[in-house]
Every structure is written in structure tokens, then in C-alpha cells.
Amino acid sequence: MRKLQPAPAKPSIKKTFRILCALLCLLLLPLLGCARPNSGLWLVCSSDQGFYWQSLIDGARQAAADHHRELNLRILADGEGLSELLTPLVRGGAELVLLALDRDDIPPGFYAPLPVVALGCELPNQPNLLGQYRNSEYFTGQETMQTLKREIGNQIEVLLVTGEEHYRPDDAWEAELRREGGLGGLIFHERIVCYGDANLAYLGCKAALEAHPGVRALICQSESATLGALRALRELGGPARILGREMNEEIALGVEDGLVQASYVTNAYALGYLGLGDQLNPGQDAAGPRLLVIDSIAVRAENLFSEPIVRLLFPME
Amino acid sequence: MAKISIRFLLVAVILLVSLVGMLLFHGVFGNLTYAAFSQLDLQIITQNVEQSRLKLDALIDKTASLSQYLLSNLLPGDGAGKESFQKAAHSALGSSDALHSIFLLDEGGKMLAFSSRGALKAGYDAAGEDWFAAASASREPSYSLPHIQRARSGAYPWVVSIVYPLRTIWEGEELSGYLVLDLSTAALREVCAAPGLEGEGYLYITDGAGTLVYTPRARADGLRFIAGAFSAALVPGAQFRQLEVSAPAKNGSWVLAGMIRESGLRRSAEAFQARSLSLLLVCILLSLLLANVTSALIVKPILNMERAMGNAGTVRDLRLRPSGTREFIRLAGRYNALLDQIDGLIKDATQKQAQLRTLELAALQDQINPHFLYNTLDSIVWTLEDERPKEAIEMVEALAKLLRLSIHRGGNFHTVENEIEHARNYLVLQSARLSRRFRYEIEAQSEALGLYCPKIILQPLIENAIKYGVAHLSGRTVRLRVYLQGGELKMQVYDDGMGIESATLERLQAQMLKNPPPGGETGEGGIGIKNVNRRIKLLCGEEYGLRISSEMEEWTCVSYSLPLQSHP
């Protein structure tokens with residue numbers, strides 16, 4: 001009798017493996033999301049040098065650590081465009097990008113929606129301040145003016161030393177200088193721009209002091225400007241006094257020595273810590289970040305070593 | 001239930017059993033292990049605190065021994081002076097990175113000698129410092145709270161001042177003053193660094209009154225006073241738990257304590273939980289795979305069988321490969337045996353049909369025998385030549401009817417009436433051909449005419465009766481009888497001719513009972529009789545067939561029975 005051949009059977013193992021592979025892919029999918037190259041938290045700063053920037057970075061890092069998160073730091077390189085820096089971060093899935101920049105590093109008309117948030121600086125064309133933090137630079141300027149007039153003199157010769165080219169139109173100095181016919185009692189000789197370089201500030205101030213030996217006050221609007229002016233003043237001597245910004249050991253010594261009448265210090269650590277902490281706070285308003293105002297503190301010889309100031313200026317850690 | 005497949009049931013049952021088992025295991029042992037891991041985490045943290053306390057004690061011990069060393073250099077009567085003190089202080093500073101400065105003050109706080117890692121600030125006076133005021137008030141060795149050291153020029157380090165009041169002879173004069181060792185808070189930071197906590201908490205040092213001496217979170221904690229509306233941004237204190245471990249340091253003033261996040265106490269437990277959940281997931285997937293494989297092994301042979309049965313009639317080869325479990329191998333074997341049996345039956349039926357066709361063809365060939373045709377046509381001619389047209393017409397009509405039936409393709413059966421008509425036509429032709437040397441009679445019951453019988457059975461028998469019975473004699477009769485009896489159709493061809501010799505009759509009778517091979521066999525009785533006998537048996541069954549009886553020189557009777565059949 002002729003033997004009949006069996007009919008071929010379709011294997012089901014292949015189908016089983018296909019299902020398992022699909023399940024594994026589903027399980028791995030969230031991990032793929034986590035593996036995006038630029039995901040997470042980012043802090044973009046103009047610099048990591050100096051009391052202000054180091055304090056801000058320290059504060060942000062502490063906030064990230066307290067929330068069990070890792071913070072990635074990116075310093076804007078010389079000549080690097082802001083859009084050029086931000087685009088890969090945002091496209092790479094960054095959860096939050098804090099911009100802590102000098103005004104000179106923000107191009108005119110620059111706009112960046114969330115997840116980019118300005119910390120301690122202003123972004124133009126953001127009418128409702130959504131996404132902005134701001135320290136009270138305007139109020140610091142007013143305080144400086146009052147100190148100048150109260151403690152040094154009114155109708156005196158002054159030099160203005162700034163760290164950056166751009167400043168806001170309502171800056172206290174410009175407002176003052178334009179009031180009452182333009183000078184408001186002060187004899188304004190020149191504005192020295194040091195672009196964040198203490199050495200440039202030193203050279204500029206030295207030249208200006210030599211050219212205008214009657215200058216009684218140098219109004220410095222940044223840490224590097226203050227340092228440069230201090231070094232120039234130590235070298236040349238004279239009656240001029242500095243109204244400065246921020247603090248380091250050299251400036252503190254200048255305060256102790258009386259060369260720095262007062263230095264206005266921003267609690268940049270608080271800016272960094274509270275700014276990032278607010279964004280990471282689960283109860284944070286979904287509408288966006290809020291206005292964070294961190295006042296500046298006027299540090300003088302009298303209060304340099306007082307408890308709260310010394311903890312602000314000279315971190316124990 | 002009928003709509004659920006075996007495969008689904010198997011997978012569901014295996015998966016369910018695995019899942020229940022794993023969940024039970026995870027639930028029971030998982031909870032026990034979780035508690036154990038939490039306890040382990042606490043133990044590790046406690047050990048970390050203890051390690052840090054030992055480090056702090058070591059720091060205090062070293063500082064104390066250096067103090068003793070320095071004090072020994074300032075003992076009265078040894079002529080202690082600035083040079084020897086500074087040499088000793090320099091040596092002490094070199095032996096301990098923890099010390100920032102060492103200096104000697106008079107009772108008013110004026111600097112007598114100073115040794116530091118930097119320059120002394122000109123005109124420095126400790127009198128205005130809080131720590132000095134506190135130390136001079138107590139007159140006992142004391143540890144100050146941390147403060148900014150203002151003695152150095154160009155630097156503002158945080159230090160803890162360890163003050164030892166002393167009385168000595170200093171450069172020839174009696175001195176009541178203080179030996180001050182400034183301990184860098186960086187050293188305390190190292191003490192409080194606890195790798196085991198790893199971001200889950202921190203250690204800090206307080207004095208006996210609970211005042212903070214050192215904490216790694218000094219700046220962050222200080223923000224509480226300025227946070228205001230942003231207080232929620234601060235890491236809430238509720239997330240941290242005060243460790244129940246505090247370790248008093250050797251100096252009797254300080255206490256090392258710790259704060260730990262709640263999550264830190266669950267770190268190992270949560271890691272274990274995450275791993276066990278991952279393992280659970282892997283086990284579930286493996287169970288799913290196992291269930292699928294097992295069910296596939298069991299169900300595959302069934303599906304093959306179902307597929308094969310579904311293809312029955314369209315797939316030539318339907319046997320199953322015996323595979324799978326023992327039961328399926330047995331079932332496949334029996335299924336294949338059934339197929340073989342069916343195959344055999346099909347072959348038998350096919351063979352029978354083939355045989356029938358062959359026999360029919362032979363019968364037909366015999367019918368359309370050229371000799372018969374020639375002879376008949378000759379007879380017709382002779383009849384015409386004899387001027388007997390009516391007879392000729394009758395012969396032509398009979399021949400036409402005979403040929404018509406011969407070439408008609410239909411089934412194996414036709415009516416008894418047709419069969420008798422066919423026999424009649426044959427008898428007409430043969431009678432005419434043999435010049436009416438014999439007579440013929442046809443008797444048929446009318447009830448039998450409408451029944452069905454196999455084709456071309458009577459004609460060969462009549463042929464034999466004529467050829468072997470009456471052809472060589474004259475005045476004989478060939479009688480055809482068709483009737484019903486005993487529930488069967490009986491057909492009989494009788495002739496009173498020569499008869500059959502007994503030996504030949506016996507052989508013929510024996511042959512009628514056997515199954516000869518198919519084909520146009522000839523032999524005794526001619527092709528017709530064996531053909532007819534075989535065809536009857538093929539069409540109606542082996543119990544049917546020809547019955548031959550005869551008496552030599554008297555008569556011969558060939559008869560057969562057929563089952564009653566009212567349709568073809």
C-alpha cells in the first residue's frame with residue numbers, strides 16, 4: 001500500500017518569539033527615552049569664574065542634589081551663538097534649561113520658549129515675564145546712588161565702570177545722569193567697559209584716574225569692574241572710593257581697608273538654589289516660573305564680618 | 001467553552017499558576033526581605049556615623065596632642081620665646097593639614113606670635129572678636145563656634161578656635177595669655193563626609209547647647225530666612241529624618257549627628273524591590289514563553305491533523321507524521337491506518353470499475369464482432385435476394401437496435417425490458433441467419449420488466465445456447481424466461497439442444513464460482529459466459545453469478561439471480 005506523506009505544519013515558535021520581541025521593545029521604550037543625549041536639567045552660564053557665577057552654580061547644584069537630580073553645566077564659549085548652543089539641548093530632550101547670562105550674551109530679539117527659563121537675566125520680547133527671574137538691579141543702582149551721595153559726596157567727579165556693553169534703558173545710572181539737565185549733580189567723566197576682564201578694568205581705571213585725578217568715586221557694576229578699579233586705586237592711591245559689586249577676598253580686603261566704600265552683593269547662591277528648586281518643586285504652578293527677586297546686600301567695613309553677611313560672602317563649604 | 005482553544009487554555013493555566021505562585025512568593029518573602037533591608041540600611045548609616053565619630057575623635061586627639069606639644073614648649077622656666085614657639089608651631093602646622101594657624105595672644109588679645117599658612121594682617125587684634133571674648137571669660141580650654149579668621153592677610157578662612165589659657169614666662173616676662181589653634185572647618189567637612197549616605201543625608205556637628213558647629217548645608221539652610229514666597233522651593237525638612245544616632249565627641253563639647261532622607265532608609269529595600277519586580281517580570285515572560293512552547297508542542301499535532309482533514313479530497317498525501325506526545329503518536333498511527341484502509345477501499349472500487357469497463361468492453365467487442373456483422377449482413381442480402389423484403393426489414397431493424405444498444409454509453413444497468421428487447425433482436429438475427437432452424441420463446445413477468453438489471457447478460461447466454469446447443473440441430477427451441485421469485489429477479493436461458501458433457505459441465509460450474517483474472521479471456525463456454533459471470537459478481541456481489549445445469553444430448557439451462565433493483 002502506498003504511504004501517504006504528512007502535510008507540513010506551520011511552526012508556532014516563530015510567532016511566539018515575535019510576540020516576545022514586541023514585549024521586550026515595549027519594555028525598553030521608556031529606557032530609550034531616558035537615553036536621549038541631552039535630556040535632563042541644564043544650566044547655561046556666561047562664566048564659571050568669580051563670586052557671582054560660582055555662587056549661582058553652587059546654589060543650582062545644591063538644589064539639584066537635594067531633589068536627587070543631576071545638573072549639567074554649560075558655559076557659553078567666546079563667540080558661541082546662543083541659538084547654536086540651545087538648539088541641540090532643546091531638540092535633545094532637555095527637561096529644563098536655565099539661562100544665567102550677561103546681557104551682552106543675549107542677542108537682540110532673542111526668544112526662547114519653555115523649557116528655556118531665564119535666571120537672573122532678561123530675555124527680550126517676553127512681555128509677561130513668563131520664564132524670567134530677575135534680581136533687583138534697578139534697586140541696587142538706586143541704593144548705590146544714595147550711598148554715593150550720602151557717604152562720598154554729591155557734586156563729585158565719577159567714573160562708571162561696567163562689565164558689559166549693554167544695559168537696560170531704565171538703568172538707575174542712566175536715569176540719574178539724564179535727570180536735571182543730564183548730570184544730576186554728578187560730573188560724569190567716562191564709562192569704562194571691561195567685558196568681564198578685571199585686567200581691562202584695571203587698565204581703563206588707571207588711565208582714567210590719571211587723566212582725571214579729581215575723581216572721587218568709581219561706580220563699578222560688576223565684580224571684575226570692582227577688582228580692576230581696586231587694583232588701580234591701590235596702585236595710584238588718592239581720595240577716590242569704590243562703590244562696587246559682588247565680593248571676593250580681594251574686594252573684602254578692599255572693604256576692610258576702606259578703599260571700597262560699599263560693595264553690593266547679590267545672593268547668587270539663593271538665585272541658583274531657589275530658582276532651580278522652584279522649577280523642580282512638584283507644586284510649582286503649571287503656568288510657568290514666577291518672578292524671583294533677590295535683593296542685593298550692601299557690604300561695608302562695619303558689617304563685613306557680621307554673621308549673616310560672612311556666611312553669604314565666605315561659604316563654609 | 002466550545003469556543004476556547006486548547007492552546008489558549010494551556011497558556012492561560014500555566015501563566016496563571018506561575019503568576020499566582022510568583023506573586024505569593026514576592027508578597028510573602030518580599031515583605032520580610034524589605035523589612036530586613038530597611039534595617040540593614042539603618043545599620044549601615046549607623047556605622048557611617050560611628051566611623052565619622054571616630055574620625056572626629058582622631059582629629060580632636062591629634063589637635064589635643066599638638067596642643068600639649070606646643071604647651072610643653074611654653075612651660076614656665078624653659079625660657080620660651082618667639083623663635084622657639086614659632087619653630088614648634090611651624091612643626092605642628094606641618095604635621096596637621098587640619099590646623100590653619102597657631103598663635104599666641106596676651107590677655108588683651110594682642111598677637112605675640114603667629115604661625116600660619118599665610119601672612120599676618122598688620123595690626124590684627126583679637127580683642128574685638130567674639131570668640132576671644134568668650135574664651136577669656138571662661139578661662140578654661142574651649143572650642144569656639146566657627147568664625148571667619150581675620151588674622152590673615154588676604155584670606156578669610158572659616159576656623160574653629162581652640163583656646164588654651166596659659167601662664168608662662170615669655171621672653172623673660174611673666175605672661176598670662178592664650179594659646180590659640182585655629183582648626184580649619186575643611187577638616188570638619190572631611191569628618192562629616194559620609195560616603196555611605198551618598199546624597200541621602202548628611203552629618204553635622206553641634207556643640208553641647210545644640211548650636212550648629214558645622215553643617216555641609218550651611219548655605220542652603222540659611223536660605224530659609226530669605227526664601228519668602230519661594231519657601232516651597234527649599235527641600236522640605238519633612239523629607240529628612242533625624243537619625244537616632246548621635247555620637248558625643250571626645251572633647252566633650254561636640255556632638256556628631258545626622259539627618260537622613262526617608263528614602264535613604266529604604267534605598268537597599270527599594271533597590272531589592274526593583275530588582276525583584278524585574279525578576280518577576282522576567283519570570284512572567286519566561287512563563288509566557290514556556291506556556292507557548294508547551295501548548296504549541298501539544299496542539300501542533302492536533303492542528304496538523306485538523307489541517308490534513310480539512311484538505312481531504314484536495315491534498316493528495318494526507319498521512320500524518322507521528323510526532324508530539326505519546327498519545328498523539330498513537331492517534332496519528334491509527335489515523336494513518338484508517339487512511340490506508342480507505343485508500344485500499346478506494347483502490348478496490350477503482351479496480352472493480354476498471355474490471356467492469358474491461359468486461360463491458362469485451363462484451364461489446366464481442367457483440368460488434370465483425371463476423372457476426374458480416375454474417376448478418378450476408379443474411380440480409382440473401383433475404384433480399386430471395387425477395388423477402390419484410391424479413392430483410394425486420395433483420396435490419398433488429399440489427400440497428402442491437403447496434404444502438406451496443407454503442408450506447410450509460411451506466412452498467414438498464415431495464416429488464418431493454419435487456420429482453422436486446423435478446424429478442426439477437427434471436428431475430430440469429431434465427432434469420434440460421435434459416436429458422438430453431439425456435440425461440442420469451443417469457444417475461446410483467447412485474448419484472450420495470451426492474452433494472454446489468455446490461456448485455458442474456459445475449460451472450462443466448463449466443464452460447466445457439467452456438468453450442470441448437471445451431472447444429474434443427475427443430476430445437478431456445479427459451480428465455482424472466483420472473484420474480486423469492487425476492488429476487490430470475491433470468492433463465494434454456495435450450496433443448498446438445499447438452500454439456502458432465503466433465504465439462506463440472507469444470508464450467510467450478511469456474512463460475514472462482515474469480516478469474518479480468519480481460520477478454522476465452523476458453524470453455526467462450527468469452528461470453530465467463531465475462532457475464534464476472535460482471536454479475538462485480539455488479540451484484542460474489543453470491544450472485546451464473547448457474548449452469550445440463551443433461552447431455554437433452555438440454556442446457558443457464559440461469560442467474562439478481563437482487564431487485566428499481567433504479568439504475
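# Briefing on chains A and B

In chain A, take the contacts between residues at least 6 apart in sequence: 68% of them join residues at least 24 apart. Keep in mind that this is a predicted model.

**Chain A at a glance**

- Chain A has 10 helices and 10 strands.
- Of its 317 residues, 50% are buried.

**Chain B at a glance**

- Here you'll find 14 helices and 18 strands in chain B.
- Chain B runs to 568 residues, and buried ones make up 46% of them.
- For contacts in chain B between residues at least 6 apart in sequence, 65% join residues at least 24 apart.
- Chain B exposes about 28,700 Å², with carbon and sulfur atoms supplying 57% of it.

**How confident is the predictor about chain B?**

- The mean pLDDT of chain B is 82, and 89% of its residues reach 70 or more.
- One stretch to treat separately is residues 519-525 of chain B, where pLDDT stays under 50.
- For that stretch, residues 519-525 of chain B, the model has 19 contacts beyond four places in sequence.

**Aromatic pairs**

- Searching the whole structure turns up 11 aromatic pairs over all chains.
- One of them is Tyr269(A) with Tyr273(A), a stacked pair with 6.3 Å centre to centre and 15 degrees between the planes.
- Where do these two tyrosines, Tyr269(A) and Tyr273(A), lie? Both are in helix H9 (residues 268-280) of chain A, four residues apart, which is about one turn of the helix.
- Tyr269(A) and Tyr273(A) are both buried.
- Over in chain B, Phe132(B) and Tyr178(B) make an edge-to-face pair: 5.3 Å centre to centre, with 80 degrees between the planes.
- Phe132(B) sits in helix H3 (residues 130-138) of chain B and Tyr178(B) in strand S6 (residues 173-184) of chain B, so this pair ties together parts that are 46 residues apart in sequence.
- Both partners, Phe132(B) and Tyr178(B), are buried.
- Ring pairs also link Phe132(B) and Tyr178(B) with Phe103(B), Phe114(B) and Trp131(B) into a cluster.

**A charge over a ring**

- Arg481(B) lies over the face of Tyr483(B), 4.4 Å from the ring centre.

**Helix H8 of chain A**

- Which residues of helix H8 (residues 249-257) of chain A are buried? They include Ile251(A), Ala252(A), Leu253(A), Gly254(A) and Val255(A).
- What do the buried residues of H8(A) pack against? Their partners in chain A are helix H7 (223-236), strand S8 (241-245), strand S9 (260-266) and strand S10 (296-299).
- The N-terminal end of H8(A) is capped by Asn248(A), which has a side-chain oxygen 3.0 Å from the backbone nitrogen of Glu250(A).
- Just after H8(A) comes Gly258(A), with a positive phi of about 90 degrees.

- Tyr195(A) isn't a glycine, yet its phi is positive, at about 55 degrees.
- You'll find Tyr195(A) in the loop between strand S6 (187-193) and helix H6 (198-211) of chain A.
- Arg436(B) isn't a glycine either, and it has a positive phi of about 55 degrees.
- Arg436(B) belongs to the loop between helix H10 (416-433) and strand S13 (438-444) of chain B.

**Ala126 of chain B**

- Ala126(B) is in the loop between strand S2 (111-116) and H3 of chain B.
- Ala126(B) is buried, and its relative accessible area is 0%.
- Which residues does Ala126(B) contact, leaving aside its neighbours within four places in sequence? Ala126(B) is in contact with Leu105(B), Gly109(B), Trp131(B) and Phe132(B).
- Two of these contacts, Trp131(B) and Phe132(B), also belong to the ring cluster described above.
- Ala126(B) and Gly109(B) are 17 residues apart in sequence, while their C-alpha atoms are 4.7 Å apart in space.

How values were computed: Residues are numbered from 1 along each chain as its sequence is written. Chains are lettered from A and ligands numbered from 1 in the order in which they are written. Side-chain values use heavy atoms; hydrogens and water are left out. Buried means under 20% relative accessible area, exposed over 50%, partly exposed in between (1.4 Å probe, protein chains only). Contact means heavy atoms within 4.5 Å. Accessible areas come from the Shrake-Rupley method with a 1.4 Å probe; for residues, only the protein chains shown count as cover. Rings of Phe, Tyr and Trp (its six-membered ring) pair if their centres lie within 6.5 Å; planes under 30 degrees apart count as stacked, over 60 as edge-to-face and the rest as tilted. A charge sits over a ring if NZ of Lys or CZ of Arg is within 6 Å of the ring centre and within 35 degrees of the ring normal. A polar contact is a pair of N or O atoms within 3.5 Å; within protein, one must be able to donate a hydrogen and the other to accept it, and residues adjacent in sequence count only if both atoms are side-chain atoms. pLDDT is the predictor's confidence in each residue, from 0 to 100.
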